[in-house]
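Here is a short briefing to read alongside the model. Have the sequence and the 3D view open as you go.

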Amino acid sequence: MNILLAEDNNTFRKKICSQIKQMDNSINLIETDNLHNVFSLIAKNNNFDFILLSFEMLGSEWRHLLKSILSNAKNSKIVFTSDIEDKDIINYVLESGCYGYIPRRYDVAIFLSALQLMIHDCLYIPPAFLKSSNIKTNPLECRLPDGKVLTHRQVEVLGHLGKGLSNKQIAYEMSVSEATVKLHINALLRNLGVDNRTQAVVSAQRFGFI
């Protein structure tokens, strides 16, 4: 696995690098402390599995730079670290197609747990960003703007996705097979008109389903 860590906080970067290497010594970890190098490295090697990027490095032009990074690193999962926990910013970042947003105030153990979730193909959204863990049980309350109505099971899956559970964990919670969970998730993605689990959760929150 190839990971690019772009972090201008040297103390934080060194701490995370050390822990990631201890977590899995087979990870090829490349470090940088400036945005110019990020674009250069992406241009030379577009095979990073993850790009862990300090949000603060983008500065005031962050929207433009975010689009540019996503465009140039289409094969990579973009995850932001930041001291900023503004819900509007987190929402924008996730809706743009990024894979996660990890507050830098987290201790290393929590940071690594969030990273491990994403490595195992689970989204990560800061708990404070989630409006509620309550799941609406009446599917008629979950009508999309185009008239489609999500089933109770689909809404239940959405709630579990919002908690960052893996397909295996969701299957256990719902007492169904992983194949059934995948079918529900694929249906959700189609109905919500999104491409991945993170975007599905963000859309569900916007519509008030979770």
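The notes below cover a helix pair, one asparagine and the cysteines.

This is a predicted model, in which local features need pLDDT of at least 70 and side-chain atom pairs count only at pLDDT 80 or more, while totals for chains, interfaces and linings use all residues. Residues are numbered from 1 along each chain as its sequence is written, and side-chain values use heavy atoms, with hydrogens and water left out.

**Helices α3 and α4**
- Helix α3 (residues 62-72) and helix α4 (residues 87-95) have axes that come within 11 Å and cross at roughly 25°; helices here are DSSP runs (H or I, at least four residues), numbered from the N terminus.
- The two helices are therefore roughly parallel to each other, a label for angles under 35 degrees.
- On the α3 side, W62, R63, L66 and K67 meet I89, Y92 and V93 of α4, where contact means heavy atoms within 4.5 Å.
- By class, this contact has five nonpolar, no polar and two charged residues, with Trp, Leu, Ile, Tyr and Val among the nonpolar types and Lys and Arg among the charged ones.

**N167**
- N167 is found in helix α7 (residues 167-174).
- N167 counts as buried at 17% relative accessibility, since buried means under 20% relative accessible area (1.4 Å probe, protein chains only).
- Leaving aside neighbours within four places in sequence, N167 is in contact with E178, V181, K182, I185 and R197.

**Cysteines**
- A search of the whole structure finds zero disulfides, a disulfide being a pair of cysteine sulfur atoms within 2.5 Å.
- C17 is in no disulfide, and the nearest cysteine sulfur, that of C98, is 20 Å away.
- C17 counts as buried at 3% relative accessibility, and C98 counts as buried at 0%.

Terms used
Axes are lines fitted to C-alpha atoms, for helices over the stretch in contact, and angles run from 0 to 180 degrees between N-to-C directions. Angles under 35 degrees count as roughly parallel, over 145 as roughly antiparallel, 65 to 115 as roughly perpendicular and the rest as oblique. Buried means under 20% relative accessible area, exposed over 50%, partly exposed in between (1.4 Å probe, protein chains only).
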